[in-house]
Amino acid sequence: MIKTICCIGAGYVGGPTMAVIAQKCPHIKVTVVDLNEKRIAAWNEANTDNIPVYEPGLSAIVAEARGRNLFFSTEVDKAIEEADMIFISVNTPTKTYGVGKGMAADLKHIELCARQIARVAKTDKIVVEKSTLPVRTASAIKDILDHTGNGVQFQILSNPEFLAEGTAVADLLAPDRVLIGGDTTPEGQKAIQSLVDIYANWVPQERILTTNVWSSELSKLTANAFLAQRVSSINAMSELCERTGADVNEVARAIGMDSRIGSKFLKSSVGFGGSCFQKDILNLVYIAKTYGLNEVADYWEQVIIMNDHQKRRFAKNIISTLYNTVSGKKIAFLGWAFKKDTNDTRESAAIYVADDLLSEQAHISVFDPKVKEDQILSDLNYLETRTDTENKKGIVADENPYSACKDAHAIAILTEWDEFRDYNWQQIYDGMLKPAFVFDGRNLLDKTELEKIGFVYQSIGS
Ligand code: NAD
Ligand code: UGA
């Protein structure tokens, strides 16, 4: 039976996942380690409202388990040595250099973890891939671990994470399924069972699915590709709706009632963001290409092409509607995070829309309930379209939504935060230049109400 767990990587997955395991398994000691000292210090903040990942319900779980059987530390070697089971939950971003640049997953952090485990481990370990990885990564990890020469036995499991940000805690407490892939050998099956036993503390047995390692690894990429494909499909329809008088919300409802299609993940938007959809599909495309499966690669790549188009056309529409120029005009952004209820901004559509508008010399003021100015600037600087100083001239964050919108020519809704609905829209209208435009990239607001106030209101897909 597993008594000690180490998780390498205290990010958006490692932190919440381990907090829930610790809460549900008080008999297991869980230590989450990371190289990033600042991040670990934040996980150890006395006030759990200041932990580095904002997720509804997470701070209470951390408050309950931390110091009891949940620990955050930078002592990676020590935690590896103590653990019976090691989760690898480090980032696997798209490669930014060399072969596969811009497509393949960068596995350098994964390899470093494997080498560190190989160096430090003195007793047998089960190593669990929690990060999202290209199919067949387990064999590379095994290669490294099997060459330690110290007789330590390793089993490698794939246990991809399906949580979505903003609902991480709810997803972890009641997952649709938990997927565990392992070797078909008796030792592999035993390792699988030990991980099944952990989840069985709170997840019904019928929701715990076991497969071979390759199916598990590939299922994760497949799930994200299918989910993203639905968003790109409805977004493709949104553009057609705008030209034909159809309304994408009505179309989504009509098709979603077909039980074969289902109603979820059909919300048309300014484009999907987040750290994973794009990276995982690019990775899938790259894998398909390396096997010479060009039709498969092209098929999935189209999901990304469509998404890029959706972000671009949102920005273009703002420019053309504002009489073909936004130069010197104030545009207020409500929302910067890639979706509501998270402080994560990775690949947020807002970044790309802002980039396009800044290139047209707009002045942007941003209000997001959970994102601060330094993050916004760092997101834009990362694109390297212009210097930090130029970005600072073009964009500011405002702590208050009303002052963010004051004297603006237009408002763009980039994130679907619930609170945006409840604002005093009459007050916002009164403070704006006229005509006062709202470009609702999330179809969040009430068109009739806004038009009654006097706004020129445009949404996606109608
Ligand atoms: P993240 O960037 O938030 O966290 C990763 C952490 O790993 C960082 O804090 C980094 O400092 C740490 N790290 C990297 N190398 C290390 C090393 N050698 N030793 C110790 N720490 C190290 O990433 P994330 O969002 O938590 O994603 C992690 C993985 O989970 C990715 O593969 C991602 O695709 C996958 N995933 C993410 C989500 C999500 O919603 N974010 C959901 C499912 C799966
Ligand atoms: C997604 C998956 O939903 C998770 O199952 C998966 O574990 C995770 O990726 C991952 O591997 O990282 P996440 O990116 O956190 O989770 O959030 P989603 O709810 O999937 O939203 C992704 C993006 O798509 C957001 O920008 C969201 O606004 C957008 N979206 C989603 C739409 O535009 N329309 C929709 O109908 C749904």
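From which domains does the shell around ligand 2 draw at least three residues each? Domain 1 (4–203) and domain 2 (278–459) each supply at least three; the domain bounds come from an automatic or database domain assignment. The model is predicted: local features need pLDDT of at least 70, side-chain atom pairs count only at pLDDT 80 or more, and totals for chains, interfaces and linings use all residues. Residues are numbered from 1 along each chain as its sequence is written, chains are lettered from A and ligands numbered from 1 in the order in which they are written, and side-chain values use heavy atoms, with hydrogens and water left out.

The shell around ligand 2 holds 20 residues. A residue is near a molecule if one of its heavy atoms lies within 4 Å of it. Phe162, Leu163, Glu165, Ser269 and Arg442 come nearest. Helix α9 (residues 213–244) gives the most to this shell, with four residues. Helices are DSSP runs (H or I, at least four residues) and strands likewise (E, at least two), numbered from the N terminus. By class, the shell has eleven nonpolar, three polar and six charged residues. Here Ala, Val, Leu, Ile, Met, Phe, Trp, Tyr, Cys and Pro count as nonpolar, Asp, Glu, Lys and Arg as charged, and the others, Gly among them, as polar.

Polar contacts were considered next (pairs of N or O atoms within 3.5 Å; within protein, one must be able to donate a hydrogen and the other to accept it, and residues adjacent in sequence count only if both atoms are side-chain atoms). A backbone N or O atom of Leu163 lies 2.7 Å from an oxygen atom of ligand 2. The side chain of Ser269 places an N or O atom 2.6 Å from a ligand 2 oxygen. For a polar backbone atom of Leu266, the distance to an oxygen atom of ligand 2 is 3.3 Å. Taken alone, ligand 2 exposes 690 Å², and the protein buries 90% of that. Accessible areas come from the Shrake-Rupley method with a 1.4 Å probe; for residues, only the protein chains shown count as cover.

Ligand 1 is surrounded by 25 residues. The closest are Asp34, Arg39, Thr92, Glu165 and Lys279. The shell comprises eight nonpolar, ten polar and seven charged residues. A polar side-chain atom of Lys279 is 2.6 Å from a ligand 1 oxygen. For an N or O atom in the side chain of Arg39, the distance to an oxygen of ligand 1 is 2.7 Å. Tyr12 contributes a polar backbone atom, 3.0 Å from an oxygen atom of ligand 1. Alone, ligand 1 exposes 830 Å², of which the protein buries 92%.

Aromatic pairs number 14 in the whole structure. Rings of Phe, Tyr and Trp (its six-membered ring) pair if their centres lie within 6.5 Å; planes under 30 degrees apart count as stacked, over 60 as edge-to-face and the rest as tilted. Tyr429 and Phe455 form an edge-to-face pair, 5.1 Å centre to centre with 75° between the planes. Tyr429 lies in helix α17 (residues 425–430) and Phe455 in the loop between α18 (447–453) and β14 (456–459), so the pair ties together parts 26 residues apart in sequence. Tyr429 is buried at 16% relative accessible area, and Phe455 is buried at 3%. Buried means under 20%, exposed over 50%, and partly exposed in between (1.4 Å probe, protein chains only).
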